[in-house]
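Here is a short tour to follow with your viewer open. Keep the selection tool at hand, and we will go from stop to stop.

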Amino acid sequence: MRRTFAISLLLAVSFAAHAQLIGVLEHPQCSNDQARIVRPLFQLTGQVWSSLASGLATDLYPRTWFVAGSGTQASFGVSLPPSTPEPAWTFGRDFALTPLEGSALPSAPNRGGAYGGWCDAPQNKPILVSSTPMALTRLPAARAPMRTPNRIVRRAFERSLSAGKLCKNYDDPRPTRIRKADLAVTEDIGLPGGKRLVAFSLKRHLTECGSEIGGVEQPRWFVLGPTPRFIGASMIYVASVALDQGEAAHLFWFSGYNQDGYLLFRSDFGEPQRFTWNYH
């Protein structure tokens, strides 16, 4: 028994010295109890991020969490759940850490009604938290926001669709081109190096030609540099967290068909780390 405890303690100390966890303080989706919880999402070991969607050994979850960007000024304790959710596929959806009673939790009123998933939008926006004090990168808004997407962006929007075409109605097989007035810029964020992270949505109802779902997943996010690069859809920006050597990782809320969760992008905006769950 003592040997097992010693090994467990050694692993925990070693893990804490080399890994850092980030998560969100949030209202759980589709829950009658709207008290906020901490959802551990990703761990950083060295310069490598990995998802916690399959969980860790229980004793490796920290008992104290820090609001990212606040240094040591804002922290609170949590309690671990008495048991692991069963069946296993519900872990990502149902596993959470509970803030201790009386904890002073920061608020972020969700006045715009964003971050909704399969259920209603939460009362507060998700707040990025970390297992240790971690700098928050506040990305500036673009100096010259794109009010009217140009032809290159409109074509990139069309190419990002599975069929590459838009139709006026699901039953109408004739494709239509996106007009200047069809795209709205919903978010426009400046990135280091002069690039921009921009979300576009359609102002009028159009469908993907031949799609069984019909509707277009939006907003659709692009990194705008010399050429637009599509990185994903149905996402809402949460926050960016600073890494060593000035690099940042970018956290998004994601909601799709029978799926909610979070995506984490490195600064190159390649394939993201995913922490998502299903409802059935």
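Two strands pair if DSSP finds at least two bridges between them; strands (E, at least two residues) and helices (H or I, at least four) are DSSP runs, numbered from the N terminus. This is a predicted model, in which local features need pLDDT of at least 70 and side-chain atom pairs count only at pLDDT 80 or more, while totals for chains, interfaces and linings use all residues. Residues are numbered from 1 along each chain as its sequence is written, and side-chain values use heavy atoms, with hydrogens and water left out.

Select residues 75-79, strand β5, together with β6 (98-99). The two pair in the antiparallel sense over two bridges, and Val78 stands opposite Pro99. Now widen the view to the open sheet of seven strands, antiparallel in its pairing, which runs β3-β2-β1-β7-β4-β5-β6. Its edge strands are β3 (48-51) and β6, each pairing on one side only.

**Second stop: aromatic rings**

Rings of Phe, Tyr and Trp (its six-membered ring) pair if their centres lie within 6.5 Å; planes under 30 degrees apart are stacked, over 60 edge-to-face, and the rest tilted. That rule gives 14 aromatic pairs. Pick Tyr61 and Phe95, a tilted pair at 4.9 Å centre to centre with 40° between the planes. Tyr61 lies in the loop between β3 and β4 (64-67) and Phe95 in the loop between α2 (91-94) and β6, so the pair ties together parts that are 34 residues apart in sequence. Both residues are buried (under 20% relative accessible area with a 1.4 Å probe, protein chains only; exposed is over 50%, partly exposed in between).

Next, select Trp253 and Trp277, also tilted, at 6.1 Å and 55°. What sits over the face of Trp277? Show Arg39, at 4.1 Å from the ring centre; a charge counts here if NZ of Lys or CZ of Arg is within 6 Å of the ring centre and within 35 degrees of the ring normal.

On a 1 Å grid over the protein atoms alone, a cavity is a set of points where a 1.4 Å probe fits but cannot get out; a pocket is an open set with protein on both sides within 12 Å along at least five of seven lines, and lining residues have an atom within 4 Å of a point. Select Lys125, Pro126, Arg138, Val238 and Ala239, which lie nearest the centre of the largest pocket, among 22 lining residues. β16 (235-242) gives the most to this lining, with five residues. Finish at the largest cavity, whose lining includes Trp253 and Pro126.
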